[in-house]
Amino acid sequence: MLGTLTQNGQDTAATNENVLAALASKTFFWLDLDDGTVDGTVAELLGTHFGFHPLAVQSAERFSQRPRIDDYDNFMYLVTRGADPEQKGNAEVHCFWTDTYVVTVRRGACPAIQAVRERLGHHRAAETASPQIVIVYLIIDALVESFFPVLSDFDDRIDALEDDILKAPTEAQLGLLFDMKRSLMEMRKVITPQRDMMATINSGVTDVPGMTEEATRYFRDLYDHLIRMADLVDSYRDLLSSVMDTHLSTVSNRLNVVMKQLAIIATIFLPLSWMTGFFGQNFNLLVTHYLIPSWTFYVFGLGTEVVAVGLLYILFRRRGWLGGPTV
């Protein structure tokens with residue numbers, strides 16, 4: 001079993017002997033379990049020695065869950081998640097806590113846990129709140145803060161993608177738009193329930209052990225951050241829809257330009273085809289009386305075609321189809 005046991009400011013390996021000794025000492029401790037598979041040993045430890053409810057233990061075995069907080073008879077169970085842009089599954093933490101200990105279960109290396117260890121004991125909340133609330137708050141805060149750089153990068157990517165679309169829309173950009181929209185929806189599925197969870201804690205609907213009036217202020221700050229991130233996600237989703245409309249409009253406009261150019265070419269060749277077809281008829285009267293004299297060939301055979309092209313050019317120019325001012 002991999003993990004770390006923190007008690008009296010000292011970190012030790014989370015062996016069964018150390019964990020059982022910490023439980024027997026009745027001194028506050030934090031047990032952080034790092035198990036990529038959450039095997040039977042960890043499940044037995046949580047269910048048998050800590051006495052957690054089987055439903056909570058079963059939930060700790062499954063990751064990619066919806067953030068939530070559950071109030072059991074003798075402990076609290078909380079699932080909190082952070083930004084996971086690379087889909088590694090290491091931004092989710094399951095917390096069990098009572099008045100005397102906190103147990104966290106994670107999968108793989110979690111940067112938020114390392115950040116908590118660096119801040120634990122130095123954060124101002126430690127002076128006014130119980131240790132279990134400080135640990136839970138710092139874990140949630142570290143996971144929530146991980147969304148801000150991801151959203152900031154998302155904003156830059158949207159701006160760059162919009163500029164590229166205005167220059168030259170491609171099919172690859174459309175695929176990237178769908179991928180970004182899917183990523184936003186995944187973040188929304190994490191941020192929105194986490195915001196609702198903070199609302200239940202701050203409103204007092206859920207009785208959190210160890211919560212104080214001063215600690216509530218820190219959780220309200222988390223709630224404000226989550227509201228801001230939820231608003232950003234919604235605005236980015238609308239912005240992506242607008243960028244997608246821009247892509248489709250740009251492609252449609254380019255297609256219209258091409259079709260207009262082809263229509264102009266076809267229109268120019270229409271009278272030319274009619275005239276060459278008419279004067280190319282092999283009738284004796286038309287050939288001997290009208291086309292054999294040289295001046296009639298140049299006037300009727302070629303002159304009418306040049307006049308037709310000139311008139312069409314003037315017409316297209318006056319209509320603004322060639323880029324000039326319309327009349």
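Visitor: How much space lies in the largest pocket?
Guide: The largest pocket holds about 490 Å³ of space. Its lining has 22 residues, and those closest to the centre are Asp84, Pro85, Gln87, Glu186 and Met187. A pocket here is an open set of points on a 1 Å grid over the protein atoms alone, where a 1.4 Å probe fits and protein lies on both sides within 12 Å along at least five of seven lines; lining residues have an atom within 4 Å of a point. Points are joined across faces, edges and corners, and the volume is the space filled by probe spheres set on them.
Guide: This is a predicted model, in which local features need pLDDT of at least 70 and side-chain atom pairs count only at pLDDT 80 or more, while totals for chains, interfaces and linings use all residues. Residues are numbered from 1 along each chain as its sequence is written, and side-chain values use heavy atoms, with hydrogens and water left out.

Visitor: Which helices each supply at least two residues of that lining?
Guide: Helix H6 (147–167) and helix H7 (171–203) do. Helices (H or I, at least four residues) and strands (E, at least two) are DSSP runs, numbered from the N terminus. By type, the lining of the largest pocket divides into 9 nonpolar, 6 polar and 7 charged residues. Nonpolar covers Ala, Val, Leu, Ile, Met, Phe, Trp, Tyr, Cys and Pro, charged covers Asp, Glu, Lys and Arg, and the others, Gly among them, are polar.

Visitor: How many salt bridges does a search of the whole structure find?
Guide: Side chains of opposite charge can pair when their charged atoms come close. The search finds 11 salt bridges in this structure, each being a side-chain nitrogen of Lys or Arg within 4 Å of a carboxyl oxygen of Asp or Glu. One of them joins Arg117 to Asp11, with the closest N and O atoms 3.8 Å apart. Arg117 is in helix H4 (residues 111–119) and Asp11 in strand E2 (residues 10–13), distant parts of the chain 106 residues apart.

Visitor: Which parts does the salt bridge of Asp141 and Arg119 tie together?
Guide: The side chains of Asp141 and Arg119 meet at 2.9 Å, N to O. Asp141 lies in helix H5 (residues 131–145) and Arg119 in helix H4, so this pair ties together parts 22 residues apart in sequence. Asp141 is buried at 6% relative accessibility, whereas Arg119 is partly exposed at 26%. Buried means under 20% relative accessible area, exposed over 50%, and partly exposed in between, for a 1.4 Å probe and protein chains only.

Visitor: What separates Glu214 and Arg217 along helix H8?
Guide: Glu214 and Arg217 are separated by about one helical turn, because they are 3 residues apart in helix H8. Their salt bridge has its closest N and O atoms 2.5 Å apart. Glu214 is partly exposed at 29%, and Arg217 is partly exposed at 42%. Elsewhere, salt bridges with shared partners join Asp11, Asp32, Arg106 and Arg117 into one network.

Visitor: What is the phi of Lys26?
Guide: Most residues other than glycine have a negative phi. Lys26, not a glycine, has a positive phi of about 65°. Lys26 sits in the loop between helix H1 (16–25) and strand E3 (29–34), and is exposed at 68% relative accessibility. Ser64 also has a positive phi, near 60°. Ser64 is in the loop between helix H3 (54–60) and strand E4 (68–71), and is exposed at 61%.

Visitor: How far apart are Thr80 and Gln194 in sequence and in space?
Guide: Thr80 and Gln194 are 114 residues apart in sequence and 7.0 Å apart in space, C-alpha to C-alpha. Thr80 belongs to strand E5 (residues 76–81) and is buried, with a relative accessible area of 0%. Another such pair is Ala168 and Arg254, 86 residues apart along the chain, with C-alpha atoms separated by 9.7 Å. Ala168 is in the loop between H6 and H7 and is partly exposed at 40%.

Visitor: Which residues make the nonpolar surface patch?
Guide: Leu255, Val258, Met259, Leu262, Ile265 and Phe269 make a patch of about 590 Å². Patch residues have over 30% relative accessible area and no salt bridge, with nonpolar side chains (Val, Leu, Ile, Met, Phe, Trp, Tyr) joined within 5 Å and like charges within 9 Å. Areas come from the Shrake-Rupley method with a 1.4 Å probe; for residues, only the protein chains shown count as cover. Val258 lies in helix H8 (residues 213–279) and is partly exposed at 41%.
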